Amino acid sequence: AAIVKHTFHVGNLTLEPLCKEQVVVAVNKQLPGPTILAQEGDTLVVDVFNESPYNITLHWHGVFQQLTAWADGPSYITQCPIRPGNKYTYKFKVSGQEGTLWWHAHFANLRATVYGPLIIRPRNNKPYPFPKPYAEVPILLAGQWWDANVVDVENEALASGRGPNVSDAYTINGKPGALYSCAKESFSMKVSAGKTYLLRIINAALDSQFFFKVAGHNFTVVAVDAVYTNPYHTDVVVIAPGQTADVLLRADQPPATYYMAAHPYVSAPLVPFDDSTTLGILQYENASSSSIANPAMPELPPVTDTPTAHTFYTNITRLMSRRGGNGYVPVVPRRVDERMLITFGLGLDQCPPGGNCGGPGNSRLTASMNNVSFQFPSKTSVLEAHFNGVATGIFTDDFPDNPPLVYDYTNATAAAAFTATEKRTRVKRLAYGAVVEMVLQNTAVLSTENHPIHLHGFNFFVLAQGFGNFNRAREEEKFNLVNPQERNTIAVPVGGWAALRFTANNPGVWMMHCHMDVHVPRGLVAVFVVENGGTPSSTLPPPPADLPRC
Ligand code: C2O
C-alpha cells in the first residue's frame, strides 16, 4: 500500500460561469477541486492550508476513518475549524471499501465550491467485479451555483426563517451547459463507438436530488456509495446529495453527439426551487458536424416523479460475493443491540421574545430528529470533549431512542399539533461493536419533503424502505437480510421511512445528518458517540498535535 500525498490550498477564485463574475472559495484554484486517486489500503495525507477568509474543515465523505475519527472533519463534531492562515493535515487510510467517494468542506455552505472526487480502486490492480471499462470519467453532478456569496446565502436563509435563495444554475464538472444564458462551456466527453465507459457520478449539490440521463443510452449501475451492487440496468440515474453511483455506459449508438442532462427530483415543490436543467455532451469520434451542432436531447422524468425515484432507489442490491478489501465481509448482522425509531423533518418554532423570525406568526424554521434540534458546540468539538472526558457543559448522552409521542407522522394536521423542539446537544452513546437498527421516519410537521440522511464513519444496510408510517409488525418480515444495498447516504422516501442496520465498530464521534446543507444549522442532526473496545485495535488514539483549536 502506498502513501498518497496532496497539498490543498483553500483560497479565493474568481469565476464567471454565467453572466457575472463571482469570487468563490476553491481548492488549488480549481472547480471542481483536485481528484484524489488511491488504491484500497493506501494512506492519504492531505495538507490543507486555509488561505481563504473563512473558517473551514474538510470531510472525506463515506470514508470509514477506522481509528482516525480526528480526520473525519465535520466542524465542531470532530474538530474545531481551521482558521484563516492556519493549516491542518488530514491523515487516514482508505481500507475496506472500493469505488467512488468524494471530499467536501464541512463548514457553513462552503461545500458549494469546495469539493472533489475521492476514487478508491482495488489494490494491486485486482480486477473490478464487472467488465473492465475502456476509460473512467468522474462526473460531478451536479454542482450548484449561485451568482452570490454562498456563505451570505446561508446566513440570509437562517436569519429570514425561510429556505435559501434559489440557486442560479446546476453544473456538470463545474460547467452549467447550454440552457443557461451566458453559459460559456459545457462539460464534454469523447467516446469511441463500441467501447464501455465507467461514469463515477457524484451528487455534490447543496439541496437537490437529480434525475440524470444520456440521450439514447442506457446505464448499468455497478456500485453506489463505494459499494459494489448487482448489475442494475436503467435509463435514468437518481441520486441524492452526498450519494455516488458508478455506472457503465456502452457507446452502442450511431456515432453522433448526445446530450447528458440532469434536473431536480423534488417530491413536494411547495417552495420556490431551482428547476433548471444542466447539460453535458457525449460526443462520438467521427460524429457528423450536423450532430455536433444539434445533439440529441434526453427526456427527463418530471421533477415530481416519485415512482421513478423510488424504483431506482429500491431496486439496487449489494453484490455479496465481493469483499470490500481488508478482509471486510459484507454480512447483515442478525443480532440487534440497539433499536431506534428516529423521526425527522422540518418544523416551526416560536420566535424567542423580542425576536423577528420571519416565519408564519413570527415563528422560525427549525429541524429536528426525535424533536431534538441539534445545537453545535462552539468552544470545542464533541470528539475532544468525549476524548478528554469533559462532556459537562458541552453535550449530554441522552438522545432519545424514540420520538416523545406516537402519532400519524405523515398527516400534516395531526403532526402540526406537535412541533415543540428542544435546542440541545444530545448524543447517543453506543458500546463498541453494538449493532444498531434505526428506522428513519420522515414527518409532516410542516410538510413532507425529501431528506437524504448521511451517516459518518459507517455504511449501513438498507433493510427496507416504504411510504407512510413505519409499522414494525407489518414491515419486519419484509426486511432484506440477504443482499440489501449498503450505503452511507439514504434518500428516505418522502412521507415514508427507511430501516437501516450498522455495526458500531469504530470508536469516535460520528455525525448523522441531512445532506441538504441548510438543514444542518437548523438542527437536522444526530450524533453517535462510540466507546472504545477493550483492545488497541478498538481504541481511538490521541489527536494529532496539529488539531486546530477553537
Ligand atoms: Cu458529505 Cu457530513 O457530509
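Two residues are in contact here if their C-beta atoms, placed from the backbone, lie within 7 Å. What you're looking at is a predicted model, with a mean pLDDT of 93 for the protein, and 97% of its residues at 70 or more. For the complex, the predictor reports an ipTM of 0.99 and a pTM of 0.96.

**Overall build**

- Six helices and 32 strands make up the secondary structure of the protein.
- For 550 residues, a compact globule would have a radius of gyration near 24 Å, and the protein's 22 Å agrees with that.
- Buried residues account for 52% of the 550 in the protein.
- Take the contacts between residues at least 6 apart in sequence: 79% of them join residues at least 24 apart.

**Annotated domains**

- An unreviewed UniProt entry carries the annotation "domain: Plastocyanin-like" for residues 11-124, 140-287 and 398-532.
- Residues 140-287 come out at 7% helix and 46% strand, with 25 Å between the end C-alpha atoms.

**Helix 3 and what covers it**

- Helix 3 runs over residues 306-315, and its buried residues are Ala309, Phe312 and Tyr313.
- Look down the axis of helix 3 and those buried residues fall within an arc of 95°, so they line one face of the helix.
- The cover over the buried residues of helix 3 includes strand 15 (227-234), strand 16 (237-239) and strand 18 (257-265), along with strand 27 (460-467) and strand 29 (489-492).

**Strand 18 and its neighbours**

- Strand 18, one of the strands covering helix 3, has nine of its nine residues buried, so the rest of the structure largely encloses it.
- Strand 13 (residues 209-214) pairs with strand 18 in the antiparallel sense, over six bridges.
- Within that pairing, phenylalanine 212 has alanine 262 in strand 18 as its bridge partner.
- Strand 19 (residues 278-284) also runs antiparallel to strand 18, and six bridges join the two.
- Here methionine 260 stands opposite glycine 280 of strand 19.

- Most residues other than glycine have a negative phi, and most peptide bonds are trans.
- Leucine 31 and proline 32 are joined by a cis peptide bond, with omega at about -10°. Proline 32 belongs to the loop between strand 2 (22-27) and strand 3 (36-39).
- Another cis peptide bond links leucine 141 to alanine 142, with omega at about -20°. Alanine 142 is part of strand 9 (residues 135-145).
- Glutamine 65 has a positive phi, near 55°, and isn't a glycine. You'll find glutamine 65 in the loop between strand 5 (58-61) and strand 6 (87-93). A residue is buried if 20 or more other C-beta atoms lie within 10 Å of its own, and glutamine 65 has 24 such neighbours inside 10 Å, so it counts as buried.
- Asparagine 173 also has a positive phi, near 50°. Asparagine 173 sits in the loop between strand 10 (169-172) and strand 11 (187-191), and is buried, with 22 other C-beta atoms within 10 Å.

How values were computed
Residues are numbered from 1 along each chain as its sequence is written. This is a predicted model: local features need pLDDT of at least 70, side-chain atom pairs count only at pLDDT 80 or more; totals for chains, interfaces and linings use all residues. pLDDT is the predictor's confidence in each residue, from 0 to 100. UniProt positions are given in the numbering used here, feature names are shortened, and annotations may be inferred rather than shown by experiment. Helices (H or I, at least four residues) and strands (E, at least two) are DSSP runs, numbered from the N terminus. A residue is buried if 20 or more other C-beta atoms lie within 10 Å of its own, exposed if 12 or fewer, and partly exposed in between; C-beta atoms are placed from the backbone. The arc is that of the directions from the helix axis to the C-beta atoms. Two strands pair if DSSP finds at least two bridges between them. The radius of gyration is taken over C-alpha atoms; the globule rule is 2.2 Å times the number of residues to the power 0.38.
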